[in-house]
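Visitor: I am new to this. Could you show me how to read a structure, feature by feature?

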Amino acid sequence: MRGMLSPSLMCADVLNLQSEIEALDNLGVDYIHLDFMDGKFVPNITLDASLIRAVKSVLKNMKRDIHIMAYEPQQYFDRMDIGEGDIVAVHLEACDNVRDILSIIRKRGAKPFLAISPDTKAEVLNDYLDDIDGVLVMTVYPGFAGQPIVEGSFDKIAEVRQIIDNSGKNIILEVDGHVSWDLCHKMRECGADLFVAGSSSVYSKGMKIDEAVNKMMELIK
Ligand code: DX5
Ligand code: ZN
């Protein structure tokens, strides 16, 4: 599977979101990464559900890659207008009944992804391989952009890759957190398919968005 790019909107110029989205949409970017935080599962609030819904109305080519860092994530699905083509990642650590929630996502025509934080062991995925279309491997602790990568992240990516390959299932491996210019290629070598690009790459200072996207696509292809 070719490497795919999902720039993180919370790292863009938040005073010009529509033009930021349209610029990406015209560059052939696969997904737009939309972080939702409830201030309880993580001590931060970012894009709200109505904005995540509004993004849908301006997309021409990109699909939504929605990362919900919240307890009881299903309470937001209607407000976000979750549906066909969306990736929806919910955290194993935030859900008592994650299998039911993954099934609701699938019934809405979206792709259920299971997000795992750095302290959650890769082998937990073995229990959910029939319930997911992807895994979101957090390479930083969820909640904030601009953090350094967590020690052991490359081994984690490789371990998840092994679990997916052994299953023989078509499950996407997404990485999120410090996907930087100098580390993204190593993440690709460890087995990542989908790359959330934030403040340490596509939205790092001083680069035009088209140059940054083209550089990233080259590094992850
Ligand atoms: C953090 C979010 C990430 C974040 C990535 O909790 O899930 O998507 O925006 O930002 P960087 O790339 O700066 O780590
Ligand atoms: Zn994210």
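Guide: Start with a loop. Asp-81 sits in the loop between α3 and β4 (87-91). Bear in mind that this is a predicted model.

Visitor: Is Asp-81 buried, exposed or partly exposed?

Guide: Partly exposed, with a relative accessible area of 29%. Look at its backbone as well. Phi of Asp-81 is near 55°, a positive value, and the residue is not a glycine.

Visitor: Now the whole chain. How many helices and strands does the protein chain have?

Guide: The count is 7 helices and 8 strands. The radius of gyration is 16 Å, close to the 17 Å of the globule rule for 221 residues, so the chain is as compact as a globular protein of that length. Its C-alpha atoms fill a box of roughly 45 × 35 × 30 Å along the principal axes.

Visitor: What share of the residues of the protein chain counts as buried?

Guide: Of the 221 residues, 57% count as buried. The word has a cut-off: under 20% relative accessible area. The protein chain exposes about 9600 Å², and carbon and sulfur atoms supply 49% of that.

Visitor: On to the metal. Which residues coordinate the zinc ion (ligand 2)?

Guide: His-33 (NE2), Asp-35 (OD), His-67 (ND1) and Asp-176 (OD) do, at 2.1 to 2.3 Å. Along the sequence, these donor residues follow the spacing H-x1-D-x31-H-x108-D. His-67 is in strand β3 (residues 63-69) and Asp-176 in strand β7 (residues 172-176), so the pair ties together parts 109 residues apart in sequence.

Visitor: What is the geometry of the site of the zinc ion (ligand 2)?

Guide: Octahedral, with angles of 72 to 174° among its 6 donor atoms.

Visitor: Are His-67 and Asp-176 buried or exposed?

Guide: His-67 is buried, with a relative accessible area of 0%. Asp-176 counts as buried at 8%.

Visitor: And where is Asp-35?

Guide: Asp-35 is in strand β2. At 4% relative accessibility, Asp-35 counts as buried. To read its surroundings, set aside residues up to four places away in sequence. Asp-35 then touches several residues, among them Met-10, Leu-47, His-67 and Asp-176. Its side chain also makes a polar contact of 3.1 Å with the side chain of Ser-8.

Visitor: How do I read a helix?

Guide: Begin with the turn. An α-helix has 3.6 residues a turn, so residues three or four places apart point the same way. Now the case here. In helix α2 (residues 49-58), the buried residues are Ala-49, Ile-52, Val-55 and Val-58.

Visitor: What do the buried residues of α2 pack against?

Guide: They pack against α1 (17-25), β2 (31-37), β3 and α3 (77-80). Ala-49 is buried, at a relative accessible area of 4%. Beyond its neighbours within four places in sequence, Ala-49 is in contact with Phe-36, Arg-79 and Met-80.

Visitor: What about Arg-188: is Arg-188 buried or exposed?

Guide: Check the value against the cut-off. Arg-188 has a relative accessible area of 18%, so Arg-188 is buried. Its place is in helix α6 (residues 184-190). The side chain of Arg-188 reaches the backbone oxygen of Ala-192 at 2.9 Å.

Notes: Residues are numbered from 1 along each chain as its sequence is written. Chains are lettered from A and ligands numbered from 1 in the order in which they are written. This is a predicted model: local features need pLDDT of at least 70, side-chain atom pairs count only at pLDDT 80 or more; totals for chains, interfaces and linings use all residues. Side-chain values use heavy atoms; hydrogens and water are left out. Donors are N, O and S atoms within 2.8 Å of the metal (3.2 Å for Na, K and Ca); water is not among the atoms, so sites may look incomplete. Four donors count as tetrahedral if all angles lie between 85 and 135 degrees; four count as square planar and six as octahedral if opposite donors are over 155 degrees apart and all others between 65 and 115; anything else is irregular. Helices (H or I, at least four residues) and strands (E, at least two) are DSSP runs, numbered from the N terminus. Buried means under 20% relative accessible area, exposed over 50%, partly exposed in between (1.4 Å probe, protein chains only). Contact means heavy atoms within 4.5 Å. The radius of gyration is taken over C-alpha atoms; the globule rule is 2.2 Å times the number of residues to the power 0.38. Accessible areas come from the Shrake-Rupley method with a 1.4 Å probe; for residues, only the protein chains shown count as cover. A polar contact is a pair of N or O atoms within 3.5 Å; within protein, one must be able to donate a hydrogen and the other to accept it, and residues adjacent in sequence count only if both atoms are side-chain atoms.
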